[in-house]
Amino acid sequence: MRFLSMIRINENSGQRPSEQLMADMGKLMAEMTAAGSLLDTAGLRPTAEGARVRLSQGRQTTTDGPFAETKEVIGGYALLQADSMEQALALTRRFLDVHGSDWEIECEVRQVDEDCSPQR
């Protein structure tokens, strides 16, 4: 089963990853990729560089970022391969553990609905 772990951050905190965190994260990602549990991962550019497209009552509107009403945003993601939600949560906890006690982040983990996915 595939799971999407969405990393929520407060992009206004000004906090940036240290070189040590990036090195530790690189080691963890290499290990998880080699084990087949990490399929893809990436950070996302700030909301100031993004846009939202909304469909409402048959009309589409586009709003350029940043999005003032949003405190926490998706700052990145990890696409995981796991046998269960419990295993996906354990993998996500390993990711959070690497950050130590200086970070305030949250991950939302949801199973990918394979019935809605295009053929792989």
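This report describes the fold of a single chain in a predicted model.

**Overall architecture**

The chain contains two helices and six strands. The C-alpha trace spans about 45 × 40 × 20 Å along its principal axes. Of the 120 residues in the chain, 26% are buried. Among contacts with a separation of 6 or more, 73% are between residues 24 or more positions apart.

The table lists elements that are discussed below, with their residue ranges.

| Element | Residues |
|---|---|
| Strand E1 | 2-9 |
| Helix H1 | 19-34 |
| Strand E2 | 38-43 |
| Strand E3 | 51-56 |
| Strand E4 | 59-64 |
| Strand E5 | 73-81 |
| Helix H2 | 85-98 |
| Strand E6 | 106-111 |

**The sheet**

An open sheet is formed by four strands, in the order E2-E5-E1-E6, with antiparallel pairing. Strands E2 and E6 stand at the edges and have a single partner strand each, so one side of each is left without a neighbour in the sheet. On average, neighbouring strands of this sheet are turned by 20° against each other, direction ignored. In general, the strands of a sheet pair through backbone hydrogen bonds, in either a parallel or an antiparallel manner.

The pairing of E1 with E6 can be described in detail. These two strands run antiparallel and are joined by six bridges. Phenylalanine 3 has glutamine 111, in E6, as its bridge partner.

**The helices**

Helix H2 lies across E1, E5 and E6, and runs at about 155° to E6. The other helix, H1, approaches H2: their axes come within 9 Å and cross at roughly 160°. An angle over 145 degrees counts as roughly antiparallel, and H1 and H2 are therefore roughly antiparallel to each other. Their crossing is right-handed.

On the H1 side, the contact involves Leu21, Asp24, Met25, Leu28, Glu31 and Met32, which meet Leu91, Arg94, Phe95 and Val98 in H2. The residues of this contact divide into seven nonpolar, no polar and three charged.

**Leucine 80, a buried residue in the sheet**

Leucine 80 is found in strand E5. Its relative accessibility is 2%, and because buried means under 20%, leucine 80 counts as buried. Leaving aside residues up to four places away in sequence, leucine 80 touches Met1, Arg2, Phe3, Ser5, Met32, Ser37, Leu38, Leu39, Ala88, Leu91 and Thr92. Two of these names, Met32 and Leu91, also occur in the contact of H1 with H2. Phe3, another residue touched by leucine 80, is the phenylalanine bridged to glutamine 111. Leucine 80 and methionine 1 are 79 residues apart in sequence, yet 8.2 Å apart in space, C-alpha to C-alpha.

Glutamine 57 lies in the loop between strands E3 and E4. This residue has a positive phi of about 55°, although it is not a glycine. Glutamine 57 has 81% relative accessibility and, because exposed means over 50%, it counts as exposed.

Proline 66 belongs to the loop between strands E4 and E5. The peptide bond joining glycine 65 and proline 66 is cis, with omega about 0°.

Technical notes:
Residues numbered from 1 in each chain as written. Predicted model: local features only at pLDDT ≥ 70, side-chain atom pairs only at ≥ 80, totals over all residues. Heavy atoms only, no water. Pairing = 2+ DSSP bridges. Axes fitted to C-alpha atoms, helices over the stretch in contact; angles between N-to-C directions. Contact = heavy atoms within 4.5 Å. Parallel < 35°, antiparallel > 145°, perpendicular 65-115°, else oblique. Left-handed = near helix turned anticlockwise from the far one by under 90°. Nonpolar A, V, L, I, M, F, W, Y, C, P; charged D, E, K, R; others polar. Buried < 20%, exposed > 50% of the residue type's maximum accessible area, 1.4 Å probe, protein only.
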